[in-house]
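Here is a structure to explore by question and answer. Take a look at it before reading on.

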Amino acid sequence: VDSSPSTASAKRGAKRVKPSAARPDRTRLGRWGMVGLLAIAGLVYAGWRTTFYEMWLRWFPGWLKYHWPLGERFTEGNSYYTHGPLVPVVCLLIAIVIYRRVGMPVQRSRSASIIGWSGLFLSAVLHWLSLYAQVKFASGFALIGVLGSLTLIWGGWLLLRTYWLPIAFLAFMVPLPMNWIADLNFQLKFIASRAAMFLTTDVFGVPAVLDGSFVYLAPAPDGSSKTLVVEDVCSGLRSLIALMFFATLFAMVCRVRGPWRLVMLIAAAPVAVGCNIIRITTLNVVAHHWGIEHAGPGAPAHDLSGLIVFALALVMMFGIEAVVIHTGKWLKRNWSDPRLLGFLADIPLGDGSSIMRRLPVTLLAMVLISGTSIYLVSRPITRNMTGFSSEALPETLVLKDTAYSSYDIELEDRISAILQTDDILYRRYIDEFKRSSVDTLIVFSANVRNGVHPPQVCLQGGGQFITERGEMVVPVEGIDGSTELRFMELITQYGKDRTCHLFIYKYGDRYTPSFLEQQLRVFVSGLFTGDSTGALIRFSTPVEGVEDDQAIDEARERIGNAVRQLMPAIHQGLP
């Protein structure tokens with residue numbers, strides 16, 4: 001017998017000449033196995049039905065407009081996750097490809113069983129708590145934990161290693177909290193705007209000034225002003241999220257190998273922002289040379305540039321891939337891998353028959369999880385009917401020896417329904433000469449958490465652009481002696497009108513400018529003591545002047561004086 005290395009290699013190679021002969025039949029799970037998986041899929045839908053509705057339909061109503069073309073469903077409105085319903089479809093297709101390649105290999109261990117059952121329990125608890133607290137994005141991530149834990153229970157680490165990609169990929173269907181989206185959108189918009197202004201002025205020589213979300217260009221020959229608005233969709237966030245969704249899939253199927261796949265994934269973020277910088281720069285140049293009517297919303301250059309952003313991003317991703325491959329060839333390194341889902345090459349084939357042993361017990365566990373979820377969802381929604389807000393504010397106000405009278409602004413009924421509270425007061429104080437005003441909004445809730453919301457989301461939804469953001473400290477007498485309250489400050493612009501906003505959140509008898517801190521404390525308090533009292537308090541005043549920084553200082557002084565007078569009354573009036 002020739003036992004030389006070359007012969008041994010040949011024998012090992014001979015065993016893999018016809019891998020299809022060892023491949024199990026495609027119906028390897030059998031009829032009852034498929035029935036069990038379909039039953040678990042049905043239970044997942046029943047337990048997470050409201051989560052899917054909140055994530056995809058309520059916040060992104062474009063999917064309900066059946067008469068709209070598919071393109072409009074993706075582009076209309078301020079949705080950043082219109083691709084959400086497509087993610088499970090893509091994940092299912094990936095799972096089918098994996099199933100046809102390697103089946104369902106099983107290699108159980110004690111550690112896999114312990115971690116699997118522990119993960120299933122913790123994910124279920126997270127899902128229940130999210131339904132109780134109405135935090136839908138946490139419920140979405142809990143679903144990923146449930147599916148990963150079930151996979152670990154059925155087939156151990158080997159099965160999870162085989163199907164980790166379609167499970168992890170589901171994270172792209174879960175929208176982040178709206179206040180996170182608003183904050184991230186704000187940062188990205190200013191990064192893109194400032195970079196675009198550098199290219200506009202220093203590279204293309206176009207005279208322009210950036211003021212908040214507005215780009216002021218040189219006047220037209222007839223003397224008319226030329227102004228462009230950098231809208232929220234120009235921040236790059238929409239294309240960033242969609243491109244990250246694509247880049248993760250692209251990194252798995254592209255021709256590079258090893259850590260270079262991670263490089264492809266990381267490159268998605270700067271590519272998305274960079275493409276939007278190019279878009280804003282292009283619109284500035286078009287507006288300067290051909291006029292605002294050719295660069296504004298509805299113009300061919302504006303609408304076509306939105307599509308070009310994605311096309312340019314894809315070209316850049318393929319270009320990065322080509323650079324990596326050719327650089328590897330030049331350095332005589334093999335950095336390419338033409339195989340689709342190359343990690344499956346190291347996965348042994350499996351028939352999955354032993355999964356049937358644990359399907360019944362996991363089916364019972366899912367019945368418990370989904371049944372409890374349905375019970376939590378079916379509870380009647382409590383609507384706060386108290387009237388503390390109307391008694392918390394005086395009807396008159398004196399600022400710098402000027403008397404301000406007040407009147408209340410009525411809000412639509414649907415706003416109370418969404419916030420689940422009728423205890424809302426929107427009061428406007430206006431001086432006797434009707435030259436200045438201060439608005440005060442109180443949203444109070446004694447038993448539901450939804451009444452308190454990040455106001456920057458509503459401001460942006462109403463068409464206002466956030467031009468500045470920071471904190472303002474106001475010393476207030478009458479709240480536990482003398483207290484310095486920290487307020488979140490926003491300067492917004494709508495057309496040529498600017499407004500200064502201060503807002504603060506109340507939980508118990510304390511205050512914070514942080515929405516997340518207030519929500520966490522209200523949730524914990526409601527969970528352990530049954531007291532989920534909270535309030536949003538917002539002050540607003542117009543900035544009397546468009547481009548004068550002194551006008552902002554005057555607005556800050558006026559709103560600070562209003563806070564010093566009104567906050568003690570609010571503190572005493574709200575329990």
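Q: Which residues in α11 meet Ala268, Ala269 and Pro270 in α12?
A: This is a predicted model, where local features need pLDDT of at least 70, side-chain atom pairs count only at pLDDT 80 or more, and totals for chains, interfaces and linings use all residues. Residues are numbered from 1 along each chain as its sequence is written, and side-chain values use heavy atoms, with hydrogens and water left out. Contact means heavy atoms within 4.5 Å. On the α11 side, the residues are Met264, Leu265 and Ile266.

Q: How do α11 and α12 lie, roughly parallel or roughly antiparallel?
A: Helices (H or I, at least four residues) and strands (E, at least two) are DSSP runs, numbered from the N terminus. Axes are lines fitted to C-alpha atoms, for helices over the stretch in contact, and angles run from 0 to 180 degrees between N-to-C directions. The axes of α11 and α12 (residues 268-290) come within 4 Å and cross at roughly 30°. Angles under 35 degrees count as roughly parallel, over 145 as roughly antiparallel, 65 to 115 as roughly perpendicular and the rest as oblique, so α11 is roughly parallel to α12.

Q: How many nonpolar residues does the contact of α11 with α12 have?
A: Ala, Val, Leu, Ile, Met, Phe, Trp, Tyr, Cys and Pro count as nonpolar, Asp, Glu, Lys and Arg as charged, and the others, Gly among them, as polar. The contact of α11 with α12 has no polar and no charged residues. Its nonpolar count is 6.

Q: What is the relative accessible area of Leu265?
A: Leu265 is found in α11 (residues 259-266). Buried means under 20% relative accessible area, exposed over 50%, partly exposed in between (1.4 Å probe, protein chains only). Leu265 is partly exposed, because its value is 24%.

Q: Where does Glu321 stand, buried or exposed?
A: Glu321 lies in helix α13 (residues 300-330). It touches Phe250, Cys254, Arg255, Val256 and Met264, not counting residues up to four places away in sequence. Its relative accessibility is 5%, so Glu321 counts as buried.

Q: What is the angle between α7 and α14?
A: Helix α7 (residues 110-133) packs against helix α14 (residues 359-378) with axes 9 Å apart. The two are roughly parallel, because the angle is about 10°.

Q: Which residues in α7 meet α14?
A: The α14 side includes Val361, Ala365, Leu368 and Val377. By class, this contact has 11 nonpolar, 4 polar and no charged residues. The α7 side is Trp117, Leu120, Ala124, His127, Trp128 and Leu131.

Q: How many disulfides does a search of the whole structure find?
A: A disulfide is a covalent bond between the sulfur atoms of two cysteines. Here the test is a pair of cysteine sulfur atoms within 2.5 Å. Cys91 is buried at 4%, and Cys275 is buried at 2%. The search finds 0.

Q: Which loop holds Lys400?
A: Lys400 is not a glycine, although its phi is positive, about 55°. Lys400 is exposed, with a relative accessible area of 61%. Its loop is the one between β6 (397-399) and β7 (402-408).

Q: What is the relative accessible area of Lys332?
A: Lys332 has a positive phi of about 60° and is not a glycine. It is found in the loop between α13 and β5 (350-351). Lys332 is exposed, at 77%.
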